[in-house]
Amino acid sequence: MTQDKIDQIIDKFEAKPRALIMILMDIQHHNRWLPKEALERVSERLGVPLAKVQQIAAFYKTFSLVPKGDHELHVCTGTSCHLRGAQKVLDTVYEVAGIRPGETDSESKFSLTAVNCMGACSLGPVMMVDGQYHGRLAPSKTEDVLKNVK
Amino acid sequence: MQRIGSPEKLEEIRKAILEARDPKASSIAICAAPNCHALGNGAVVDAFEKEVKAQGLEGKVRVMATGCLGFCEMGPVVIVNPSNICYVQVGADDAAEIVSQVANGEKPIERLLYADPDTGERVEALDKIPFYREQSRILIGDNARIDPTSLEDYLAIGGYAALSKALFAMTPEAILDEVKESNLRGRGGGGFPAGRKWETTRNAPGEEKYVIVNGHEGEPGAFMDRALFTGNPHLVLEGLIIGARAIGATKGFIYTRHDSPMLLANLNRALEQAREAGLLGNDILGSGFDFDVEVHFDVGIFVSGESSALMRSLEGNMPEPRPKYVRTSVSGVNDMPSNLNNVETWANVPYIINNGVEWFAGMGTEKSNGSKLISLSGSARNIGVVEVEMGTSLKTVVETIGGGVANGKKLKAVHFGGPMGGSIPGDMIDTPLDFDELGKLGAPMGAGALLVIDDETCMVSLTRYFVEFLTKESCGKCTPCREGMRQMLNILNDICSGEGRPGDIERLEEIADTMSVASLCSLGKTAPDPLRSALRYFKAEYEAHINEKKCPAGDCAIEAN
C-alpha cells in the first residue's frame with residue numbers, strides 16, 4: 001500500500017485522532033492487513049503516539065498485523081453453530097489446510113478466523129469463504145468446499 | 001427526493017406516492033437476508049425480475065428484495081401481497097410459475113406452500129402457518145412491505161409521520177412523557193425504562209448531548225436487530241431523531257457491525273436519503289431542529305457492546321468500561337451526557353408516538369409491554385426471527401412457532417440471554433416472556449436470543465462453551481473478570497474431560513461470587529450467570545461428571561480418558 005493511498009484515507013477523516021479506529025479499518029479494508037509503515041504514518045499524521053496506535057491495532061480482533069492468505073475463511077462458532085458441529089468444521093479445516101483460528105497457512109492460501117454469529121443459524125454449521133456462505137457443513141462437505149477454492 | 005420543508009409537504013408527498021401506486025397491484029417480497037442469501041437467493045431475485053419483464057408485467061407486479069422475512073428454516077421465503085400467500089424454499093426455477101400465478105390471480109402453487117410436517121397439509125395464507133400465526137409482527141412485519149433501499153416505500157407505509165408529529169404537535173417534554181408513560185423498557189438486555197434514561201440525559205448538564213444506537217449485537221445466536229435494521233433502517237433512524245428531540249441532542253452515533261455488508265449499505269443509503277429529503281441534518285422538516293448522525297463500527301470484540309466501553313470505542317480508544325457510579329447518561333462520549341438504546345428500543349419509538357401510550361401498554365404483561373423480537377436458534381425445528389407480544393408463554397414460542405425440537409429429540413432446556421444469560425429446564429416453559437419473571441428464574445431475556453437445547457446436549461459443556469467465549473471477549477482491564485474467567489474455564493475443562501475433583505463445584509461458586517461483586521462492568525458481573533443457572537437446575541450433571549466420570553448426555557468425550 002502506498003503512502004499516498006494511506007494519506008488519502010487519513011484525509012478522508014480529516015486526520016482526527018478520534019477517527020483512529022475508522023482509519024485503521026479503512027486501511028485494513030483496502031490492504032487486508034496493517035503494515036508497520038501504515039501504523040507509523042497514522043501515528044505521525046494524527047499526532048497519536050505509536051504505542052496507542054499499536055495498542056488499538058493489536059487489541060481489536062478484526063485488525064491483522066500480519067499479511068493474510070489469498071482466501072479468507074470465517075467459521076461461525078456462535079452458540080447455534082457450536083451445538084450443530086462448528087468444532088468439526090474447524091477440525092476439518094485443520095486437516096485440510098493445517099491452520100487454527102487466527103492463522104494463515106505457509107503457502108498463504110487460507111486465513112482462518114472464528115466468528116461469533118453470522119445470523120444464518122438455520123444453516124449451521126456455517127463457513128464463509130471470501131464472503132460466500134456455505135451452510136449445513138458436514139466434514140466431507142467442508143473438505144469439498146476447501147478443495148474447490150481456486 | 002426533493003427537500004421536504006414542512007409537515008404539510010411531507011403529507012403531500014406521501015399522498016402523491018400512494019396515488020401513483022395501484023392499490024390492487026401485487027408485490028412479491030423475496031427475502032434477501034443472510035440466511036436466505038446463503039441459500040442462493042441472489043439468483044432467485046434475478047430470476048423474478050427477469051420473469052416480470054419477460055411476461056410484460058412491469059408496473060403491475062413488483063418484485064422486491066427485502067429484509068429478513070423471519071422464517072429462515074424454510075428459506076428462501078417469498079411473500080406475495082396483498083393476497084398474503086407465503087411460498088417457502090423457492091428456487092430460481094419457480095419464478096416463472098409464481099409470477100404468472102400472481103399476475104393472473106391463479107390458484108396458489110400447491111408444491112411451494114408450507115406443508116405441516118406432521119399432517120403434510122399445505123397452508124396457503126401467511127398468518128395461518130403456525131410459525132407466523134402466533135406472532136405479533138409489529139416492528140419486523142413491515143420488512144415484507146418495503147424495499148429497504150427505498151425512502152418512498154417507507155413513506156408509503158406512514159414513515160416519518162411520527163417524527164412530524166413529534167416536531168410540530170408535541171413539545172420535547174411531551175415526547176418524553178409519552179415514552180415514560182408507555183413504560184418502554186430497554187430491549188438490549190437490562191430492561192431499564194427508556195424514558196427514565198432519556199430524562200437523566202435531558203436533565204444532565206452538558207454543552208452537547210448525544211443519542212446512540214447500539215447495533216453491536218455481539219451475542220452469538222442473536223440476529224434479530226440486524227434483521228430489523230437491515231430490513232427497515234428508516235424506522236430506527238426515525239426513532240433516534242425523535243429521541244434526540246426529546247433529550248435535546250444535536251448529534252447521534254450509530255454503532256453497528258462491521259461484518260454485515262448489506263446492513264452497512266442499507267444504513268448508509270437511508271442516511272443519505274434522509275439528509276437529502278431534509279429529514280436529517282439542519283432544520284429538519286422546517287422545524288428549526290438540527291440533528292445529524294455518524295456511523296461507527298465494532299471491530300470485533302464483544303465487550304464493546306457494553307455501554308461505557310462502546311463510548312470509549314466511539315472516541316477512538318480501547319473499549320474498556322468505566323465504573324458505573326458515574327452513569328453514561330450523565331457522562332458518556334467526550335464526557336457529555338449520552339443516551340444509548342439498542343436498535344429494537346429505538347424502533348418502538350415511532351410506534352408509540354403514532355399509536356399512543358394505551359396501545360403500547362395494552363400489549364404484554366403489567367411491567368413488560370409491547371412486543372419483543374426473538375432470535376430462535378439451536379435445536380428448534382424452525383429457526384428464525386420471531387416477534388411476539390410480551391407475556392406470550394415460552395411454550396408457544398418453542399413449540400408452536402419453533403415447531404418443537406428438531407430430529408425427534410426431546411426438549412431439555414431453553415437458554416435465554418446468550419453467554420451472560422441462563423438456562424431453565426424444559427418443564428418450565430410455561431413461563432411468560434417477561435423481563436422480571438425470566439430474571440427471577442435465572443434466565444434473563446437479554447437481547448432476545450432464545451436457544452433451544454435438546455436432550456443430547458451437555459449442560460456442563462454448554463457452560464464451558466459460554467465461559468470460553470467470554471474469556472476471549474473480556475477486555476482484560478479488571479482482574480476479577482480476566483483471571484476469574486480463566487480459572488473458571490480451567491476447572492470446567494477439567495470437569496468436561498473427566499478430570500473433575502470433589503470441591504470443584506464449590507470453587508466455581510466462589511469464583512462466580514467474587515466476579516459478580518468485584519468486576520467493573522456487567523460482562524464480568526454476569527459472566528457467571530450461565531454457570532449459576534446450570535448449577536441451580538442441572539447440578540446432577542456436574543456431579544455425574546465429577547464423581548462418576550460420566551457425561552449423562554453423552555456429549556463430553558470423558559470415556560476416552
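1. Chain A contains seven helices and four strands; helices (H or I, at least four residues) and strands (E, at least two) are DSSP runs, numbered from the N terminus. Read from the N terminus, the elements follow the order α-α-α-α-β-α-α-β-β-β-α. This is a predicted model, in which local features need pLDDT of at least 70 and side-chain atom pairs count only at pLDDT 80 or more, while totals for chains, interfaces and linings use all residues. Residues are numbered from 1 along each chain as its sequence is written, and chains are lettered from A and ligands numbered from 1 in the order in which they are written.

2. Along the principal axes, the C-alpha atoms of chain A fill a box of roughly 50 × 30 × 25 Å. Of its 150 residues, 41% count as buried. A residue is buried if 20 or more other C-beta atoms lie within 10 Å of its own, exposed if 12 or fewer, and partly exposed in between, with C-beta atoms placed from the backbone. Among contacts in chain A between residues at least 6 apart in sequence, 59% join residues at least 24 apart; a contact means C-beta atoms, placed from the backbone, within 7 Å.

3. The contact between the chains takes 29 residues from chain A and 31 residues from chain B. On the chain B side, helix H2 (34-38), strand E9 (292-297) and strand E11 (371-378) each supply at least two residues. H2(B) gives the most, with four residues. By class, this side of chain B has 13 nonpolar, 15 polar and three charged residues. Here Ala, Val, Leu, Ile, Met, Phe, Trp, Tyr, Cys and Pro count as nonpolar, Asp, Glu, Lys and Arg as charged, and the others, Gly among them, as polar.

4. Chain B is assigned domain 1 (20-133), domain 2 (158-361), domain 3 (371-454) and domain 4 (469-547); the bounds come from an automatic or database domain assignment. The C-alpha centres of domain 1 and domain 4 of chain B lie 47 Å apart.

5. An open sheet of four strands in chain B has the order E9-E8-E7-E10, with parallel pairing; strands pair if DSSP finds at least two bridges between them. E9 and strand E10 (338-342) of chain B are at the edges with a single partner strand each, so one side of each has no neighbour in the sheet. The twist averages 20° from one strand to the next.

6. Within this sheet, strand E7 (residues 210-215) of chain B pairs with E8(B) over six bridges, and E8(B) pairs with E9(B) over six bridges. Ile254(B) in E8(B) is the bridge partner of Val213(B), and Val295(B) in E9(B) is the bridge partner of Ile254(B). Five bridges join E7(B) to E10(B), where Ile212(B) stands opposite Leu340(B). Strand E8 (residues 251-256) of chain B has five of its six residues buried, so the rest of the structure largely encloses it.

7. Helix H8 (residues 172-182) and helix H9 (residues 194-203) of chain B pack at an angle of about 145°, with axes 7 Å apart. Axes are lines fitted to C-alpha atoms, for helices over the stretch in contact, and angles run from 0 to 180 degrees between N-to-C directions. Leu176(B), Val179(B) and Lys180(B) in H8(B) meet residues of H9(B) including Trp198(B), Glu199(B) and Arg202(B).

Note on methods: Two residues are in contact if their C-beta atoms, placed from the backbone, lie within 7 Å.
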